[in-house]
Amino acid sequence: MVPTSYYLILSAVLFGLGVVAFVFKRNVITIFMSIELMLNAVNLAFVAFSQARHQSDGQVFVLFVIVVAAAEAAVGLGIIILMARNRQSLNVERVDLLKL
Amino acid sequence: MTPQLAVFFVLAALAVLGALNLIIQRHPIHSALSLIVVMIALAGLYLLMGSEFVAAVQIIVYGGAIMVLFVFVIMLLNAGVEERTNISKLAGIAGIPLAVALLGFLAAAIARSNESAQAGFESSTLANTKEISTMLFKDFVYPFELTSFLILVAILGAIVLAQREKS
Amino acid sequence: MISFLNANATIIIYLVKIALLLFIVLTVNAYLTWFERKVVAHMQSRWGPHRVGPHGLLQPLADGAKFLLKEDPTPAGVDKFTYFLAPLMALALALTSIAIIPFGPQPLHLFGRDITLGIADLNIGILALFAITALSVYGVALAGWSSNSKYPLLGGLRSSAQMVSYELSLTMSVVGVLLLAGSFNLRDIINAQAHHPERGIFGWNVWPQILGFFCFFVAAVAETNRVPFDLPEAESELVAGFHTEYASFKFAMFFIAEYTSMITVSCLCTIMFFGGWLSPFPASWTFTHYLPSVILIPFGLWVIWDGIRYETIFGRIILPGVGSAITAMGAVLIAFPTVNEFIQGPFWLLAKIFVFLFVYVWMRGTLPRFRYDQLMSFGWKLLLPVSIANVVITAFAILMWGAR
């Protein structure tokens, strides 16, 4: 049996790595992927707690998080496609002014 | 070292290495592939904990749909290798030890907490899928229907955003 | 040595099962290519392979040798990691999906242990198969993109868009079967069809779920990129689609992946809609248990008779040998009733899988292919609403009249 704290530490590590990727990368698609990584870390914590307390609420919430992440990815990537079309660049450092 | 602990360490190492690879790689397609590895490792961890339905949904939805969307967008936008940044070296030299120290404190605090419960394979009375679906359709039926509406809104939004301008 | 085997028995049994199943699946793949070439050729009034070995039976060996020995060039400018990963991923995923399929109801009693037929009996069997199907989109998409050339890129994008679209209809058309069976486990789905053993063929899922069966079969053919949905890899349209730039062994990996997914889909169709290992005859007709022997013995005798008069000397030696092996198998089944009872389940499963594979090959020989826009509109505007309607109708019927 694996103690719950191991899962929580892993979740914290993944979340931290997601934050590092979010801050340090400049390609907007990679930044978006780091958001997905953070959501996954949170999912892991939810499932770990849910199994530790033998209740299924956490897992139901994980399903909702996955659905919301899917919807967000769809719309977000649509916005990224528009951004790439208008500014011809996927570098977030070039998107620092409202003026094109 | 029970077999479950060994499997946990293997999957956890795979997940952390995948996340590190996401940061290190310079081409977004390689970052996307590393993220797929992380998701599959996490699905394995869910399976280890006994949540088989969540593991299957994770692979089908996250790994098979959301990441496919990312890979398509990377392919279509022809995203190239990232350029060199002029971020200061001091941030790296001072930041990484601080981050590791913070993580160490966090890990110690978690490990010392009262979470002595084992997130194991404890079988409940119902199978995992049946339990989740009962709860989803009885207690959480309103959020469930709302998520279908949310997905519809997302589909409409994505279609409108990605349309070519009528010029 | 014996005590070592006894102590680690479970792991060793699994390893042996995996090795045996891999060997069998790869051999079936190879002879499926022979079967396809022969059947399509006879449908086109020609012979197909008939020089390499008697009746062309050694043609797969020659093809395998060719794939291994040809030059394996890597085009310039490809993304090396992804170029090498894509066929590996396609092959690994296709072969993994065979592990979930159960091959027989009764376990085999060997060395005092019960060995179940089938490697992994998952409680989420169908969901795991869908997970593997969802991941196999990557093999195609990454192969097309990493080839650094426009025809593979177009073919890869078209093919992965097609696979993603038909995946929805695939999963929705199965929901009816799951509602009737009440479980994701493949063995439970077959056992739910065995609820009334005196109905025989009329107890199978295909009768209440005829709409679901057609949606599933069409969506599955589209998922495996076979005719009539094979525009992304058609020869005259896009050179060879997403595997244009792949040479000998990597192309062979895509090839094996495609045929293996064909086999998996045939297995799924039989398990979910056609009763899996259940016999089509009612359970009270126990004389039908001799059907395997009744088929095998005359077939073996015919092979011997054909082999004795074959043209080449090699054929005159090999064919009678094969024929006598088949006749001996049939005789063993009559002589040993316990073996006969054990072999009933796998025999019917393999017979039905063979029928589905024949239907696949038949479609390849006769149907023209869809145009891409016709394909996409068919998938989204016809197949998906029909499969959702199937779910609604099934749910309503279960509410009114109960599942069985």
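This is a predicted model: local features need pLDDT of at least 70, side-chain atom pairs count only at pLDDT 80 or more; totals for chains, interfaces and linings use all residues.
How many residues does the contact take from chain B and from chain A? The views below take this up, starting with chain B itself.

View 1. Local features here need pLDDT of at least 70 and side-chain atom pairs count only at pLDDT 80 or more, while totals for chains, interfaces and linings use all residues. Residues are numbered from 1 along each chain as its sequence is written, and chains are lettered from A in the order in which they are written. Chain B has 6 helices and 0 strands, where helices (H or I, at least four residues) and strands (E, at least two) are DSSP runs numbered from the N terminus. Of its 167 residues, 32% are buried, that is, with 20 or more other C-beta atoms within 10 Å of their own, C-beta atoms being placed from the backbone.

**View 2. Chain B against chain A.** The contact takes 64 residues from chain B and 57 residues from chain A; residues are in contact if their C-beta atoms, placed from the backbone, lie within 7 Å. Elements giving two or more residues to this side of chain B include α1 (3-24) and α6 (141-161). Its largest share, 12 residues, comes from α3(B). By class, this side of chain B has 49 nonpolar, 11 polar and 4 charged residues (nonpolar: Ala, Val, Leu, Ile, Met, Phe, Trp, Tyr, Cys and Pro; charged: Asp, Glu, Lys and Arg; polar: the others, Gly among them).

**View 3. Chain B against chain C.** Here the contact takes 15 residues from chain B and 15 residues from chain C. On the chain B side, α2 and α3 each supply at least two residues, and α3(B) gives the largest share, 11 residues.

Conventions. A residue is buried if 20 or more other C-beta atoms lie within 10 Å of its own, exposed if 12 or fewer, and partly exposed in between; C-beta atoms are placed from the backbone. Two residues are in contact if their C-beta atoms, placed from the backbone, lie within 7 Å.
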